[in-house]
Amino acid sequence: MPSEIFTGHTFTKIKNLIKKAPSSPVIYRDADTKGLAVKNSKTGTNWYYSTRDSNLQIAPFNAFGLDDLLILRELVLELRKEAAKGRDLSVLIKSFAAGRTITDAKQLHAVEHGDGVTWEVARDYYLEWAAFNKNKDTVRGYRSALGVTEGLHADFVPIHGKPVASITTADLARIRNNIIQRGRNGEAKGQGIRQANLTVAAIKACFTYIINNPDLGVSSNPARDLSKALERAKVVEGRKISVR
């Protein structure tokens with residue numbers, strides 16, 4: 001089928017086509033962005049990255065609507081660029097289809113091909129540097145505060161395995177809040193807020209190192225606006241309680 005610039009009218013035609021369930025495959029190709037296509041066949045209707053050299057399913061047609069057209073076109077442009085390098089596109093497509101942003105999908109793709117690093121790798125680079133530049137007690141404290149050891153490891157779930165360039169301030173705030181919540185639950189022997197603030201300080205130090213090492217691929221510092229606990233510990237009748 002000849003290509004056309006995808007619009008709301010195209011989406012309507014495809015939806016009507018699905019209702020008719022044609023016996024032979026039908027392909028709609030976007031004239032705006034070469035490679036973006038929708039294919040209707042007996043197995044279903046899906047978005048595709050379709051070129052002379054590639055025929056890769058992106059996601060079911062109903063997974064994206066007209067409002068997602070620009071981001072689909074952006075994805076295809078990225079796929080074309082990476083295909084020109086001869087790279088496998090599966091991680092980029094699968095991560096996008098799973099609901100990740102283009103930025104996160106690109107970072108995961110970069111990690112897959114050795115162009116980026118995950119949080120754990122960047123953190124360990126920092127700790128390796130700290131081992132040569134700071135005293136042993138400080139490094140030991142940083143290892144604990146950054147979730148290397150079992151104590152805080154689960155609190156860092158928001159960034160486990162995440163490309164370091166995709167980490168946001170919100171991700172880091174969730175880590176801080178996880179630690180505070182454990183303190184409220186009595187799992188941290190009243191040290192939730194204190195430990196959260198120690199971890200915030202360690203995260204800030206770690207990202208100062210990361211942002212100053214361009215090979216790690218981070219262009220902005222998500223820890224810059226990360227605050228300490230938004231509450232404080234107060235002693236009342238000989239015991240600590242948390243107050244906002």
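I will go through helix packing first, then a loop residue, and end with the aromatic rings.

One caution before the details: what you see is a predicted model, and every value I quote is computed from it.

Let me begin with helix H3, which covers residues 90–97 and in which Leu92, Ile93, Ser95 and Phe96 are buried. What do the buried residues of H3 pack against? They pack against strand E4, at 55–60, as well as helix H2, at 69–84, and helix H4, at 102–112. After H3 comes Gly99, whose phi is positive, near 110 degrees.

Of those neighbours, I would like to look at H2 in more detail. Two packed helices are described by the angle between their axes and the distance between the axes. For H2 and H3 the angle is about 165 degrees and the axes are 10 Å apart; since angles over 145 degrees count as roughly antiparallel, the two helices are therefore roughly antiparallel to each other. Their crossing is right-handed, and the contact is made on the H2 side by Ile71, Leu72, Leu75, Glu78, Leu79 and Glu82, and on the H3 side by Leu92, Ile93 and Phe96.

The crossing of H5 and H6 is right-handed, and the residues in contact are Tyr126, Leu127, Ala130 and Ala131 from H5, together with Val139, Tyr142 and Arg143 from H6.

Now to the loop between helix H7, at 150–153, and helix H8, at 169–184, which is where Asp155 lies. Is Asp155 buried or exposed? Asp155 has a relative accessible area of 4%, so it counts as buried. If we leave aside residues up to four places away in sequence, Asp155 touches Ile175, Asn178, Ile179 and Arg182.

Finally, the aromatic rings. How many aromatic pairs does the structure hold? There are eleven, and ring pairs link Phe6, Phe11, Trp47 and Phe61 into a cluster. A charged side chain also comes into this part of the story, as Lys39 lies over the face of Tyr48, at 4.7 Å from the ring centre.

That is where I will stop, and I am happy to go back to any of these.

Technical notes
Residues are numbered from 1 along each chain as its sequence is written. This is a predicted model: local features need pLDDT of at least 70, side-chain atom pairs count only at pLDDT 80 or more; totals for chains, interfaces and linings use all residues. Side-chain values use heavy atoms; hydrogens and water are left out. Rings of Phe, Tyr and Trp (its six-membered ring) pair if their centres lie within 6.5 Å; planes under 30 degrees apart count as stacked, over 60 as edge-to-face and the rest as tilted. A charge sits over a ring if NZ of Lys or CZ of Arg is within 6 Å of the ring centre and within 35 degrees of the ring normal. Buried means under 20% relative accessible area, exposed over 50%, partly exposed in between (1.4 Å probe, protein chains only). Helices (H or I, at least four residues) and strands (E, at least two) are DSSP runs, numbered from the N terminus. Contact means heavy atoms within 4.5 Å. A crossing is left-handed if the near helix is turned anticlockwise from the far one by less than a right angle, and right-handed if clockwise. Axes are lines fitted to C-alpha atoms, for helices over the stretch in contact, and angles run from 0 to 180 degrees between N-to-C directions. Angles under 35 degrees count as roughly parallel, over 145 as roughly antiparallel, 65 to 115 as roughly perpendicular and the rest as oblique.
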